[in-house]
Amino acid sequence: MNKFRHTIKKLSLHDMPLVGRKFTWCNGHERSIMAKLDRVLFNNDWEDLYPISDLLPLSTNVSDHCPMLLSCSLGRTRAFRFRFENFWCKLPGFQEVVKEAWEEEVSSTNSMHVLSTKLQRTAKALRSWGQRKHSAMNLQFQIANEIILRLDTAQETRVLSPEERKLKGFLKGKCLALASLERVRLRQRAKIRDLKEGDANSKYFHLKANGRTRKHLIPCLQSGERLATSMEENLNLAHDFFKESIGVPTARHKVIDLARLGLGKISEASSRELESPLSREEINKVLDEMPSDRAPGPDGFSGLFYKICWDIIADDFMAAMDALHQGHFSSFSGLNTSILTLLPKKEGSMQLTDFRPINLIHGVAKIFSKVLATHLALLLPGIISRAQSAFVSRRSIHENFKFVRNAARALHQKKHPSVLMKIDISKSFDSLSWEFLLEILQIRGFGNKWCSWI
């Protein structure tokens, strides 16, 4: 097997994963011997031609080998969703397009409706402008290459004039600049963090983007005995699975006397501090700490847009933050949407339990929640027990491991009969009771406004 892997690596070939099965041959005996004998290998050129491909197993009705169905296409037909391109910020005219779209009048007095409308208008204007710019960039790149080629050909028969040499140098610089912008665009799609923007291998980014698309492709889903193959069936199956996992609120027949547990409470001053009005300085700090190239939510804008265009959008953004601070949530639904995507935990995932659900929330809701988290972070060390070591700054989950190990050593030395119990709380957050959580917050001294934000 190691020799086989070395050979395909030497030939620059890739082994396409078979969805749903690990082996392709079985001897059919009672104690079966299975092996993966049949494979589909492809190179980088084939991947460029067919970026979307599936390898599905078929029934072994006439052979002890598993037939494999290879389906490939030039791309998936799907609804186009706006996605902010980070390289747009480097193009001339970007700020003007955003400013013109943003300053267009909105006939509404609701600040959150105004912000939602302006974000949609800006997205539409940037998409149209970006397509024109990208087409113009490609055309300029092709024209520059053609002129350079003709000058190279002419140089073989005569000496180029100073003007021609100057033009050739200018066009080469132009090609490098256009190629750099194209690398930024491909890098955003490839999601490679270990390579810098200046790397010259654009084809590498293109291949990584195709590989990432193929890796996250979901040709079919299975939950128990149910198998879905079409997009609509996959959506319905996933909806039913997660709805059953999350459950519905049920009546509580027993109530815990939380007051007798001695839970620590925050002071009234701390509670008022948490509910203090949001300032521009806090929003600026959160924006500075936000990653610029993470996957965007339903609005399509990455963190870089909010950073670069903050001077343009600040007034409308702060008006929406003030409305949230005052508890006006009636129009927040347009800014509080999210996209749920499934990422496979392993190769060849089919069962829904083999996928990790990732929630991509709207940029405005993300910024608002990060501001609240910044307020709360200062109080966490005082209200959370030392036994809670995960998800708290300057605490490590390995502290619990060290504590258990030292406790076991101490019990061995004392030769005292004891029992150590490990409680499995896997998927505990899938069945979180929001009613119980809000009750805990109120017992611990959090105000009504803070609870309404949560």
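This is a predicted model: local features need pLDDT of at least 70, side-chain atom pairs count only at pLDDT 80 or more; totals for chains, interfaces and linings use all residues.
Q: Let's start with aromatic residues. How many aromatic pairs does the model hold?

A: Ring centres within 6.5 Å make a pair, and by that rule the count comes to 18 aromatic pairs.

Q: Which parts of the chain does the pair of Phe368 and Trp453 tie together?

A: Phe368 belongs to helix H12 (residues 363-377) and Trp453 to helix H16 (residues 448-453), so the pair links parts that are 85 residues apart in sequence.

Q: Are Phe368 and Trp453 buried or exposed?

A: Buried means under 20% relative accessible area. Phe368 has 5% relative accessibility and therefore counts as buried, and Trp453, at 9%, counts as buried too.

Q: Now to helix packing. What describes two packed helices?

A: Two packed helices are described by the angle between their axes and by the distance between those axes. Here, the axes of H9 and helix H11 (residues 310-325) come within 11 Å and cross at roughly 120°. H9 and H11 are therefore oblique to each other, and H9 passes H11 in a right-handed crossing.

Q: Which residues make the contact between H9 and H11?

A: From H9 come Arg280, Ile283, Asn284 and Leu287, while H11 supplies Trp310, Ala314, Asp315, Phe317, Met318 and Met321. By type, the residues of this contact divide into seven nonpolar, one polar and two charged.

Q: Let's turn to loops. Where is Arg294?

A: Arg294 sits in the loop between helix H9 (280-289) and helix H10 (303-308). With 45% relative accessibility, Arg294 counts as partly exposed. Leu360 is 66 residues from Arg294 along the chain, and their C-alpha atoms are separated by 9.9 Å.

Q: And which residues does His362 touch?

A: His362 lies in the loop between strand S10 (355-361) and H12, and at 5% relative accessibility it counts as buried. Leaving aside residues up to four places away in sequence, His362 touches Leu119, Pro298, Asp299, Tyr306, Gly334, Leu335, Asn336 and Thr337.

Note on methods: Residues are numbered from 1 along each chain as its sequence is written. Side-chain values use heavy atoms; hydrogens and water are left out. Rings of Phe, Tyr and Trp (its six-membered ring) pair if their centres lie within 6.5 Å; planes under 30 degrees apart count as stacked, over 60 as edge-to-face and the rest as tilted. Helices (H or I, at least four residues) and strands (E, at least two) are DSSP runs, numbered from the N terminus. Buried means under 20% relative accessible area, exposed over 50%, partly exposed in between (1.4 Å probe, protein chains only). Axes are lines fitted to C-alpha atoms, for helices over the stretch in contact, and angles run from 0 to 180 degrees between N-to-C directions. Angles under 35 degrees count as roughly parallel, over 145 as roughly antiparallel, 65 to 115 as roughly perpendicular and the rest as oblique. A crossing is left-handed if the near helix is turned anticlockwise from the far one by less than a right angle, and right-handed if clockwise. Contact means heavy atoms within 4.5 Å. Ala, Val, Leu, Ile, Met, Phe, Trp, Tyr, Cys and Pro count as nonpolar, Asp, Glu, Lys and Arg as charged, and the others, Gly among them, as polar.
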